[in-house]
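Colleague: Hi! Could you walk me through this one? I'm new to it.

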Amino acid sequence: MLMKNVIKCFLLILFNLGYIFQMNAQSQRQITGRVFDAATNEPLIGATVWIKESASGTVTDIDGNFVVTVEDENAIISVSYVGYISKEERVGSRNSIPFALEESGKELEEVIVVGFGSQKKESVIGAISTVKPDELKIPAAHISNVLAGQIAGVVSIQRSGEPGEHGEFWIRGLSTNKSSNKPLVLVDGVERSMDFVDVEDIESVSVLKDATATAVYGVRGANGVIIITTRKGEAGPPKISATAYSGLVAPTMLPKFVDSYQFAKYYNEATGTNSYDDFALQAYKNGSDPDLYPNVDWMDALFKDFSWNYRANVNMSGGGSVARYYVSLGYYGENGIYKTDNLNEYDSSITFDKFNFRSNIDMNLSKTTTLSVNLANIYETKTIPGGDAGSIWSNAFTISPNAFPVKYSDGTLSAPPIGTAAHIHNPYNLLTQNGYRDHYWNTAQAIIGLNQDFGFILPGLIFDIKFAWDSWSYNRLSYIGSANTFHATGRDEEGNLIFDEVNSGTANLSYERTTSGNQSRYLESNFTYNQTFNELHNLSALLLYNQKSYRNLWADNGTGSVPYRNQGLAGRTAYNYDSRYFAEFNFGYNGSENFSPGKRFGFFPSGAVGWLVSDEDFFLPLNNVIDMLKLRASYGIVGNDDIGGGRRFIYLPTFNLSAPGFTFGLPGSGYDIGGIRAGELANNSVSWETVNKFNVGLELQLISKLKIQADYFKEHRTGIFLERDDISATAGIGYLPWVNTGEVKNNGFEVQGEYFENFSKDFSLSLRGNFVFARNIVINDAKPNWNYDYRDHKGRPVGQQWGYIAEGLFSSEEEIDNSPKPYSEGIRVGDIKYRDINGDGIISNFDIVAIGHSWMPEINYGFGGSLRWKQLDFSFLFQGVGRVSTMYGGQAMQPFSGMDPSAANFFLDVYENHWDIENPDPNAKYPRPSAQLNQNNSLASTYWQRDASYLRLRNATCGYSFPKLITEKFGIRQLRLYVSGQNLMTFSSLGLFDPEITNTQGAGYPPTKNVTFGLNVNF
C-alpha cells in the first residue's frame, strides 16, 4: 500500500512538471538582434548576449547577429564586448532588438592596480608597468620562469631547468650588497609566492618601481612590489574555458666531453710519457674490450634527449546581480631528463606534478555591502633520485671516460677503485641505485573580505576589510640504499673479469621522513574616498591599517619559533585638476618585531606630481600626431626590514655556552667545567635599510598606434646590515659586530614601447619591446682600507668580479725569465702570463684588480610581436642581457687539477683548442696540458673570464582559430589549436653550456627548451 502511494505521488509530480514545462514553452519566444559598432556600423563578432538573472545566453556570429529565447516581456537582454560600453534593453513586445555599442573611450580610462587599491591610468603618476596575462601564458610550471623580457624593469634569470624549480627575479637590478634583494610579491593583496598562481587565473599584473608606488608598503617596499590580481566572476551566463597542451622538453645545451682515445692522448701529452701505450689507445678507439678499456659518454649514459610536459586547466565564471563566481582547476606535470634503471623495483627519475584549485566568490549582502570569499589550494609532488643532485652532476663532469664502464658487460655495477677520494662516485649509481625521495608540498590559502559603500552617508566613501590565512606544509619521504659495486682489475686465465668489491650495498631501502611547515595570518582594513567636485577637482584618499603574523611551525630553536610580525598604517592622498595636473602624497608607517623596543616603527613618505601636457589648449595643433603626452616625477623614502645577518632580535646579546672552561682535580681524573663567554654584542640601534628613490618619466602616444614609456631612476640605499670587518682583531672582540653601515647607489633608465596596426578586419600587427639599464655602486662595505686603491671594492658594482689581468701564454723560456716572478713554481712555456699591477716584480694577491662586470646584467631587454591574419595568429618574444660576466673554472676546463686520472674528465673544446708543441699559439684558448694541479693556470683572471651576454628566442607561437560559424554549431564560442616553442634558440659567445647557469663549468641541470601542442576551448 505504501509503495502504491509513493508511485502515485511520483506520477502526479511528473504530470505537474510536464504541465509547467508545456506552459513555459507556450510563453517563451525567440528574440533576434544584431550587435554593431555605433560609429562604423561594423558587426561585433563574439559579443556576449545574456538574459539577466538567468543562465541563458549566447554570442554573436560573424555578422554580429544573435538569437535568444526569453520567458516574458520583462526579460532584460544585456550585451557586452571588450573595449565597448555594455548596454541593456528590456524586451517588451519587440521580437528584434538592435544593439549599437559605443567604444569605452580612450585607453586612459583603463584601471591600473596600485598599492592597496587601483587608479585610472590617466591619474597614475608612479613608475608602474603592467603585463597582459595572455603574454605570460608560456609553457612552464611557474610564472617566475616566464618573466624574462616581458616587463620593463624586471630582471629574471632561470638558473635551472629541473622540473619544479623556480626562477629568480629582481626589479631594476640590485641596490644592496647584503640582505634580501627580492621584490615583495602580493597576490590579491596578500604576501604570497607568485608561483602558487595558475596563469589562467590571473586578471592583472602590476610592477611597482618608484617610491610613490611603493612607499605605502614602508619597510617592505625597498625592492619594489609585484601585484597579481586573480580573476573574479562577472554577471552573465556561465562561461567555461578549457586549455590543454603537451609537448617535448629538452636541455638547451649539454656540454661535449672527450672520448677515451682523446683523453689518453691528452694525458700522454700532459705527462710527457706514454702512460697509455699504443695497445690501450687502439682498444679505446675500436672498443674491443669495453670492460677494461671503456669509452663512456656520461652525458649520454645519464641523461635522455627529451622528456614530456603536460598542462590542463578548466575554469568557469558567471553569476547574477546577487552573486558572482570564478572557479578554476589546473594541472601541470613534467618529467625530467634523468634516465632510470628498468631492472629496479622503483623509478628514480625526476617527475613533478602540480595541482591548482581556486574559487573566488562575491556576494551582495545588500545594495551597498559585498562579501568576498577567495579560496585556493596548491598541491605539488616531486620524485627525485636518492643520490644528491649536486653529486650526480659534479661526478658526471668529473669521472673520466676510461675510468670504468657504466656497468660491466655481465651486468655488474661498477665503481671507482678502492682508495679513491670519498666524493668520487659512479654517477650512474648515484642516479639509479641509491633509492629515491618523494617530496610533497601543500598550500592552503583563504581570504574573506567585506566591502561596505558608505555613499549614503558621504558620497565616495568606502570601507573594506579582509582577513587572510595561509598554511604551508612539506613532507619528504626518503627511501635510500646502495648497491653492490665492484671494480675490475683485470682478467683471469679464462678471460673472466677479476673484481674488487668496493661497496657491499644494502638489502633494503632505508626510510626517513622530514617534515616542515608554516602558517601566516594577515588583517587589513581601510577607508577610501573618491569624489569629483565641479567636474574639475578630483580628490581621492586612502587610510589603511594592516598586520601580519608568520610562524615557522618546525623551527630548530625557540627563537626561530617566535612569530615574525609586521604592523603598520598606510595612507595616500591624490588630487588632480581637470585630469591635467596631478599631485600625490603617500606614506607608510610600519615596523617589525625584530628591532629593539622604541625603534621598531618608521615613517616612509613619498610625493609625486604629473602633467598631462597633451590636454592643454596650446597642444591642440599637435594632437593629430601626439595623442597623449604625460610628464611625471616622484621622490620618497622606503625601507627594508629583511636585513639578513642570520640573526633575530639583534638588540639582545648572545652567549657562547661551549667556551673553554676549567679542570678541577688531578690530570686524567679531574672534573671538567665548561665555560661561558660573551658572544655577539647587543645592538640597540639596529634598524631597517632606508632607500631614497627618485624617478622622472614620460608617457607618449603617437598617431593612436605607438605608445612609449620612459623613466630615469636613482636610488640611494643606506643602513645595509653588515659585519664590521674594518675592526682589528687586536680590539679584543670575539665576534665582529653587525651594524647598519652599508651603502649602495643604483641608477639607470628604462624604456618600453608598443605599436599596433589594424590594417583590416582580417589583418593586424602588434610589436612591443623594453630596454633597461641599471648600474649599482658600493659606497660603503664595512671593509678596511686596502693597501692599493685599485683593490678597494668601494666604487664597484655589487657582485663585481675580481682577478688577474692575463697577457696571453708564455711563448719562450726567455720570456719567462724576463717576466715578473710568477705566482707559483714550475712555470713553463704555454702557461698563463699575468700583468704586474703594482710593479713590485712579483705576481701576488696585490695584482688582483676588478675585471669585467658583475654576475648581475646591467642591460636587460626584450622585444616581440604578434601577427593575425584571418584565423591564423603568430607571436614571438626575444629576450637578452648585456654587460654581464662569468668566470670559467673547474676540472672540466683545467684537466688533472684533481690529481686523479680516473676523475679528470674535460671538455672536447679543451682538447681541440689547447696550446701544444705543434701549435704554440700564445693566444690559444686553453693553456698547456698539465698532469697535476697548476696553481698558476687556475687563478681567476681575464683569461678565464667570459662575456655572458646572450639573446634568446624565449617563445614563438603559431595558432589557428576555427571560424565561429563552425564552432557555434557545437555550442563553442572559441576553438583554437596552436603549437608553441620556448627557448628555441640562444645566441651567445659561450659555446660550452647555457649562459644562465652560474656554475663555473656548467655542472648543473640546464635550462630547457620545449615544443608543445595545445588546445583552447571556450564555451
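Colleague: How many helices and strands does the protein chain have?

Modeller: There are eleven helices and 49 strands in the protein chain. Helices (H or I, at least four residues) and strands (E, at least two) are DSSP runs, numbered from the N terminus. This is a predicted model, where local features need pLDDT of at least 70 and side-chain atom pairs count only at pLDDT 80 or more, while totals for chains, interfaces and linings use all residues. Residues are numbered from 1 along each chain as its sequence is written, and side-chain values use heavy atoms, with hydrogens and water left out.

Colleague: Let's zoom in. Which residues of helix α6 are buried?

Modeller: Helix α6 covers residues 389-398, and I392, W393, N395, A396, F397 and T398 are buried there. They pack against α5 (298-302), β21 (369-385) and α7 (427-432).

Colleague: What caps the N-terminal end of α6?

Modeller: D388 does, with a side-chain oxygen 3.1 Å from the backbone nitrogen of G390.

Colleague: New topic: E757. Where is it, and is it buried or exposed?

Modeller: E757 sits in strand β36, residues 738-758. With a relative accessible area of 12%, E757 is buried.

Colleague: Which side chain does E757 join in a polar contact?

Modeller: That of K705, at 2.9 Å. A polar contact is a pair of N or O atoms within 3.5 Å; within protein, one must be able to donate a hydrogen and the other to accept it, and residues adjacent in sequence count only if both atoms are side-chain atoms. Leaving aside neighbours within four places in sequence, E757 is in contact (heavy atoms within 4.5 Å) with K705, F763, S764 and L765.

Colleague: What about N594, where is that found?

Modeller: N594 is in the loop between β29 (581-592) and β30 (601-612). N594 is buried, with a relative accessible area of 9%. A polar atom of its side chain lies 2.7 Å from the backbone nitrogen of F649.

Notes. Buried means under 20% relative accessible area, exposed over 50%, partly exposed in between (1.4 Å probe, protein chains only).
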